[in-house]
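Please read the following report alongside the sequence and the model.

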Amino acid sequence: MRLTLIGHMAVRIEMDGVTLLTDPWFGPHTWLERRLAPRTLPPALPSTALAVDALLVSHDHLDHLDEEALALARRLGCVVIGSQKAARRACRAGVRTVIPLRAGEETTLGPLTVRAVSADHPLAADAVGFVIIGRQSLYFSGDTRCTPALRADLAPVALDVALVQAACAHYPFLGDDGMSLAEAAALARAVRPRWTVPLHLHCAGKWLDRAAGIRIQMDNLDQVQTTLANWAAALRAEGLGVWLPEPGQPWEMEGNTKTPTYSQHENRH
Ligand SMILES: [Zn+2]
């Protein structure tokens, strides 16, 4: 498979001849969106440069789905697979083929199976994650805490790649509303994908490490990168593969869980 980070949680996935785009966010476009979801880096590719067969939408929040993405789906006639609310919004926006999924339900996309798995995101009760299975396999977390239900959903799948939320909001009464770096590492250790890829890193205000006081801000890219590099080094030292994506730079993920490649071995050391 080939993966390209567009930004935040939007990743173009090319697998077995099918192209998908996860949680497509090209904004913010309005003053209110800019206030609620200030973006630290513009998308690496504009929506007009993307040709995709399907959008996969974990939940209907500002930084995971926007009108520009729905316009892309209408223009290309692509399928929108999403949580209940995301699917309803896509229908209202005039997208022709919409497939709502609850955790445990699945659909097919050409040779691929797309299965929704559980997510625990208190501010979006219908949120799901996705597992895509073709010749290789991939998990996309959306926004979720690392719960026993999620680990149970992922346990039967030998994952090549896990795209995981690695910075989250924090609220006084709710606590962490998703995974920060420590929870993302806990999920990687529990599930042991060949490659773990941290995402959700381009919206200011999200916490990477609350204990250390490190959060995403408009002007601390160096600190974020150093923090991520240290996090990746610790996981690699435990034998886990980590890819730190550069927006816009495609990555060819070769082999699968049954036939690990030499480069995989090299990258782990
Ligand atoms: Zn989010």
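Two residues are taken to be in contact if their C-beta atoms, placed from the backbone, lie within 7 Å. This is a predicted model, in which local features need pLDDT of at least 70 and side-chain atom pairs count only at pLDDT 80 or more, while totals for chains, interfaces and linings use all residues. Residues are numbered from 1 along each chain as its sequence is written.

**Leu-56 and its surroundings**

Leaving out residues up to four places away in sequence, Leu-56 touches Leu-20, Thr-22, Ile-81, Gly-82, Val-114, Phe-130 and Phe-140. Leu-56 has 28 C-beta neighbours inside 10 Å and therefore counts as buried; the cut-off for buried is 20 or more other C-beta atoms within 10 Å, against 12 or fewer for exposed and partly exposed in between, with C-beta atoms placed from the backbone. The C-alpha atoms of Leu-56 and Asp-23 are separated by 6.1 Å, although the two residues are 33 apart along the chain.

**The sheet**

Leu-56 belongs to strand 4, where strands (E, at least two residues) and helices (H or I, at least four) are DSSP runs numbered from the N terminus. Strand 4 pairs with strand 5 in the parallel sense over 4 bridges, pairing being assigned if DSSP finds at least two bridges between two strands; within strand 5, Ile-81 is the bridge partner of Leu-56. An open sheet of mixed pairing is formed by 7 strands in the order 6-5-4-3-2-1-18. Strand 6 and strand 18 stand at its edges with a single partner strand each, so one side of each is left without a neighbour in the sheet.

| Strand | Residues |
|---|---|
| Strand 4 | residues 54-57 |
| Strand 5 | residues 79-82 |
| Strand 6 | residues 98-100 |
| Strand 18 | residues 251-252 |

In soluble globular proteins, nonpolar side chains tend to be buried together. Apart from neighbours within four places in sequence, the contacts of Leu-163 include Val-11, Thr-22, Leu-138 and Phe-140.

The protein chain contains 7 helices and 18 strands, and 47% of its 269 residues count as buried.
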